[in-house]
Each structure stands twice: as C-alpha cells, then as structure tokens.
Amino acid sequence: MNDFSQLFLYIPGIIIFMVGSGQVRDYLKKKNLGNCVEATVASCNHIVKKNNRGQDIYNYYAVTVEYMNDKGDKIKKETIKSPVEYYEGQPVKFYKRSAGEEPVIIQLEDEAIFNPFLIMIGGALLILLALYQNKGNEVMAMGCLSAFLIGCGLSMAYSWWSLYRRNLLPIEAEITELYTRQISKESKILKGSKNSYYPIVSYEIDGIKSIRKCNVNAGSEKEFKVGNKITLYYDPSRRSVIEQNAKLTRLVWGIILTAVGILAGLSILSVL
C-alpha cells in the first residue's frame, strides 16, 4: 500500500472526530449558558428597521416572558430577542444568564441518535483502525472495527428505545412561514447566495397555541409550502414536542450493525 493510500485511511476517522468535537463544544457551551427557566410568553413584537435602500438593519422579535423568581413568590418579566415569533401564552424555556449578558430562548431540538462524546470516540477508533491497518496489525484493526460497529449499533438501538418508551402522541402542525439561514454569499466564484430553509409551524396542545422553528431543513424553499401539514410528536410526561418518533428502521439498523460488529470481533479468533 503506497503512502497516499495509507494517509487516505485516516480521513474518515479525522472527519468524524472533528464533527464530534464540534458537537461537544456546542454541548458544553449550552451547559455554560446559565440556569434553565420555564416561562410563559406575555407578548411578542416584531422589530424591524431598514436603511435607505430597503435592507434590514435589524429584524427580530422582542419576546416578553413571565416566570416565577427563585423563591417562587413573585412573577418576573424578561424581554428576549428572538429570530422567530412566539404566541402569547406559549410555554417556553430560556437560559437565565449572568448580569450584562442577554438571556437566550432554548430552541427545541430532538435527541441526537449519537452522543457527541461517543462520536469523538468513534472517530478515534477509526483513526486507530487506520493506524493498525497500516502497521499490518490485523487483530487490533479488526478489534477497532468491531468496537466501532457495536457502538454505532447499540447507540441506534438505545435511541429507538428511548423514543419508544416515551409513548409519544402525534399532533398536526401547519407550516406558517419559512425561516431563511444564509450559508454563503454570492461571490466571483459562487453564483448566487446559498440558503437553508426551515419551516416554522403552528400547533395546538390542550387549547394553547404554540409556534416553533423545525430542525429539518432544505436547500430549496419549494420543499416547504406555507399551509402544508406536518406531523410532530408530543411527550406528555416531559411536556415537550419533537419532530421524530421511534422509527423501526432505526432499531433494525442498530441490530444489524451490532450483529456485524460482533461477527467482526469473533473473526479475530481466526487470525490468532
């Protein structure tokens, strides 16, 4: 195997490790944002200011929320800047930060299939796999591959189980508008700016209307049409709404990867 091919084997592990490390940084950053507080939206005002050419100088929603103080004997108010709208009376959670720092409304997210720390470990295993493969140590290389596959499989199976046991209830939501996030600007090399489009949906639970920006996105705004219906899932025990339920395909792939990983581990016996 030539030097280029040997180096190429490290690329998948390095990419996965970097993705995992980025997610770990985001996880730790959220942990350091401050105390999480449950609140109710009291009002939401759209604040827009444009320049002489009609371009936005700023464009956001001023969301005023009400919450109980630490002692639980007084209602307090906080105004928070948000890129998306919220309905009056909608329950939200926000990070109450230290003095001088603006509070941040928590954007609802589905649980990740793979823990960010496990992604880093998976990337490290693939790097070790490439290292042992280049050194001709088949036993250690196969051991790393086996551990990687079993870890992926068990993570997917556990992710399915954690959703399945929550007894999620399907609810109907309607797309009210699209949130546009610019990925890249037009340049001499790139023709036209690149955007990601996220559907903002409205739904109702126990007579309370709520609105949220979904995590699913597309590179074309035609993928999400205003007025279309999508299905979300409500967890009564956690009083939270997520976008995905327990799909059986996730469990099947988890079992397959785990089985293949076990077979890979057993194959080590043939080379001992």
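Predicted model: local features only at pLDDT ≥ 70, side-chain atom pairs only at ≥ 80, totals over all residues.
## Helices α4 and α5

Helices α4 and α5 run roughly antiparallel to each other. Residues are numbered from 1 along each chain as its sequence is written, and side-chain values use heavy atoms, with hydrogens and water left out.

Two packed helices are described by the angle between their axes and the distance between the axes. For α4 and α5 the angle is about 155°, and the axes are 7 Å apart. Axes are lines fitted to C-alpha atoms, for helices over the stretch in contact, and angles run from 0 to 180 degrees between N-to-C directions. The crossing of α4 with α5 is left-handed, meaning that the near helix is turned anticlockwise from the far one by less than a right angle (clockwise would be right-handed). From α4, the contact takes in M142, S146, L149, I150, C152, G153, L154, M156, A157, S159, W160 and L163. From α5 come L248, R250, L251, W253, G254, L257, T258, V260, G261, I262, A264 and G265. Contact means heavy atoms within 4.5 Å. By class, the residues of the α4 and α5 contact split into 16 nonpolar, seven polar and one charged. Ala, Val, Leu, Ile, Met, Phe, Trp, Tyr, Cys and Pro count as nonpolar; Asp, Glu, Lys and Arg as charged; the others, Gly among them, as polar.

I262 sits in helix α5, residues 248-266. Helices (H or I, at least four residues) and strands (E, at least two) are DSSP runs, numbered from the N terminus. I262 is partly exposed at 44% relative accessibility. Buried means under 20% relative accessible area, exposed over 50%, and partly exposed in between (1.4 Å probe, protein chains only). I262 and I150 are 112 residues apart along the chain, yet their C-alpha atoms are separated by 6.8 Å.

Helix α3 (residues 116-135) packs on helix α4 (residues 138-164) at about 160°, with axes 8 Å apart. α3 is therefore roughly antiparallel to α4. Their crossing is left-handed. On α3, the contact uses L118, G122, L125, L126, L128, L129, Y132 and Q133. On α4, M140, A141, C144, L145, A147, F148 and S155 take part. The tally for α3 with α4 is 12 nonpolar, three polar and no charged residues.

Helix α2 (residues 11-31) also packs on α3, at an angle of about 160° with axes 7 Å apart. That makes α2 roughly antiparallel to α3. α2 crosses α3 in a left-handed sense. The α2 side consists of P12, G13, I14, I16, F17, G20, S21, Q23, V24 and Y27. The α3 side consists of P116, F117, I119, M120, G122, G123, A124, L126 and I127. The contact of α2 with α3 holds 13 nonpolar, six polar and no charged residues.

## Cysteines

How many disulfides are there? The count is zero, with a disulfide taken as a pair of cysteine sulfur atoms within 2.5 Å. The closest cysteine sulfur to that of C144 is in C152, 13 Å away, which is too far for a bond. C144 is buried, at 7% relative accessibility.

C214 is in no disulfide either; the nearest cysteine sulfur, that of C44, is 17 Å away. C214 is buried too, with a relative accessible area of 1%.

## Positive phi in two loops

Most residues other than glycine have a negative phi, and most peptide bonds are trans. N167 has a positive phi, near 50°, and is not a glycine. N167 lies in the loop between α4 and β6 (169-184). N167 is exposed, at 59% relative accessible area.

D206 is not a glycine either, and its phi is positive, at about 50°. D206 belongs to the loop between β7 (194-205) and β8 (208-213). Its relative accessible area is 73%, which makes D206 exposed.

## N45 in strand β1

N45 is part of strand β1, residues 35-50. N45 is partly exposed, with a relative accessible area of 43%. Which residues does N45 contact, leaving aside its neighbours within four places in sequence? They are Y60, Y61 and A62. N45 and Y60 are 15 residues apart in sequence and 8.5 Å apart in space, C-alpha to C-alpha.

Technical notes: Parallel < 35°, antiparallel > 145°, perpendicular 65-115°, else oblique.
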